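Colleague: I would like to learn how to read a model feature by feature. Please take me through one, with the general idea before the case.

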Amino acid sequence: MALTSSHGVVGDVPRLPSVAASGDESNIQPLDGRRARRQRNRDALVEAWLDTVADGDLEPSIATVAERSGISYRSVFRYFENINELFVVAADRYRARRSHLATIADIGAGAFDDRVDRFVEHRITYYDAMGPLATAARMRAPVREDIRDQLDEVRSGLRQQMDKHFAGELGRLSAREAVSVRSAIDTLCSQEAYDMMRTSQGLTREQSADVMGQTIRRLLLPAGD
C-alpha cells in the first residue's frame, strides 16, 4: 500500500522532500562543480611545481609552472597569491607523501651498533627522499619566515628522535659534554652536511653513511661501553 506523509503520497517508500522544494537545487551543482574545478586546478599547479623542482629547476617561475600545468598564467593567481604560497602548499604535500619515512623504526631499541646503523640509514633515506625540495626550501628560508618555520620544525623533530635513540649514551655524559656531542651529531647528520659529502666532497651514499656512523661511534662509544 502506498504511504502518505505530510508531503503527500510518495509511493511505497517515504522520501525526504527534494532540494527543489526549498529552491536550492539550482545552486548546489554549479557550486560543487566550481569547487571541484578549483581544487583540480590547484592540484595541477602543485604537481607541476613539484615536477619542475624534481627536474632540477629549484626556483621555477609562475610562467613555467603555468605552462607545465596547462593553466593560463593569469589564472594561476586565482588559486595562489604568489609563488611562495604555492611553494608552501607543495612542500606540505610532498612531506605528507613521505611522512612514513620521517620516523626511525623501533626508536631507541637494540644494541648500540645496530642503533647507529639504523639512525644513519634513516637519515640518509629521508634526505634522499626529500631531495631537491629540501634544497629549494633552504634557498628561500632567509627571506621567508614561514619556510624557515617549516625547516625548523623538521630539524627539531629529527633532533628529538636523535635524543631518544641515543638517550642511554647521552645520559651518561655531563651536561656540558652532552651539549657538545648532541650538536656535533646533529650537524654531521644534517641534510646540509650530507649534501656537502655527496656534492663538493664527491662521496658515495655508502661512504657518506660510513663517515656518519664512524663519527657517531667515536663520539658515543666511550659513554656506551
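This is a predicted model: local features need pLDDT of at least 70, side-chain atom pairs count only at pLDDT 80 or more; totals for chains, interfaces and linings use all residues.

Colleague: Start with the fold. How many helices and strands does the protein chain have?

Modeller: There are 10 helices and 2 strands in the protein chain. Read the order from the N terminus: β-β-α-α-α-α-α-α-α-α-α-α. The chain has 225 residues, and 35% of them are buried.

Colleague: Next, pockets. What is the idea behind finding empty space?

Modeller: A probe the size of a water molecule is rolled over the atoms, and that shows where space is left empty. Here the largest pocket holds about 280 Å³. Its lining counts 19 residues. Nearest the centre lie Leu151, Val154, Arg155, Leu158 and Gln191.

Colleague: Which helix gives the most to the lining of the largest pocket?

Modeller: Helix α5 does, with 8 residues. At least two residues each come from α5, α6 (145-165) and α9 (191-198). Sort the lining by class and you get 10 nonpolar, 2 polar and 7 charged residues.

Colleague: How much space lies in the second largest pocket?

Modeller: About 230 Å³. For this second largest pocket, the largest share of the lining comes from α6, with 6 residues. The classes divide into 4 nonpolar, 4 polar and 3 charged. Among the lining residues are Arg95, Ala102, Tyr126, Leu158 and Gln161. Leu158 also belongs to the group nearest the centre of the largest pocket.

Colleague: Now a single residue. Is His122 buried or exposed?

Modeller: The cut-off for buried is under 20% relative accessible area. His122 has 9% relative accessibility, so His122 counts as buried. This residue sits in helix α5, which spans residues 112-140. Look next at what surrounds it. Leaving out residues up to four places away in sequence, His122 touches Leu101, Ala102, Thr103, Ile104, Leu158 and Gln161. Ala102, Leu158 and Gln161 also line the second largest pocket.

Colleague: Which backbone oxygen does the side chain of His122 reach?

Modeller: That of Ala102, at 3.3 Å.

Colleague: And Arg123: buried or exposed?

Modeller: Arg123 counts as buried, because its relative accessibility is 1%. Arg123 is in helix α5 too. Its side chain reaches the backbone oxygen of Cys189 at 2.8 Å. With residues up to four places away left out, Arg123 touches Leu158, Arg159, Met162, Asp186, Cys189 and Ser190. Arg123 and Tyr194 lie 71 residues apart in sequence, yet their C-alpha atoms are 9.2 Å apart.

Colleague: Give me a case at the other end of the accessibility scale.

Modeller: Take Ser200, in the loop between α9 and α10 (205-224). Its relative accessible area is 60%, so Ser200 is exposed. The side chain of Ser200 still reaches a backbone oxygen, that of Met196, at 3.1 Å.

Colleague: Now rings. What describes a pair of aromatic rings?

Modeller: Two values do: the distance of the centres and the angle of the planes. This structure has 6 aromatic pairs. One of them joins Trp49 and Phe87, with centres 5.1 Å apart and planes at 80°, which is edge-to-face. Trp49 is in helix α1 (residues 25-54) and Phe87 in helix α4 (residues 83-97), so the pair ties together parts 38 residues apart in sequence. Trp49 is buried, with 0% relative accessible area. Phe87 is buried as well, also at 0%.

Colleague: Which residues do ring pairs link into a cluster?

Modeller: Phe112, Phe119 and Phe166.

Note on methods: Residues are numbered from 1 along each chain as its sequence is written. Side-chain values use heavy atoms; hydrogens and water are left out. Helices (H or I, at least four residues) and strands (E, at least two) are DSSP runs, numbered from the N terminus. Buried means under 20% relative accessible area, exposed over 50%, partly exposed in between (1.4 Å probe, protein chains only). A polar contact is a pair of N or O atoms within 3.5 Å; within protein, one must be able to donate a hydrogen and the other to accept it, and residues adjacent in sequence count only if both atoms are side-chain atoms. Contact means heavy atoms within 4.5 Å. On a 1 Å grid over the protein atoms alone, a cavity is a set of points where a 1.4 Å probe fits but cannot get out, and a pocket is an open set with protein on both sides within 12 Å along at least five of seven lines; lining residues have an atom within 4 Å of a point. Grid points are joined across faces, edges and corners, and a volume is the space filled by probe spheres set on the points. Ala, Val, Leu, Ile, Met, Phe, Trp, Tyr, Cys and Pro count as nonpolar, Asp, Glu, Lys and Arg as charged, and the others, Gly among them, as polar. Rings of Phe, Tyr and Trp (its six-membered ring) pair if their centres lie within 6.5 Å; planes under 30 degrees apart count as stacked, over 60 as edge-to-face and the rest as tilted.
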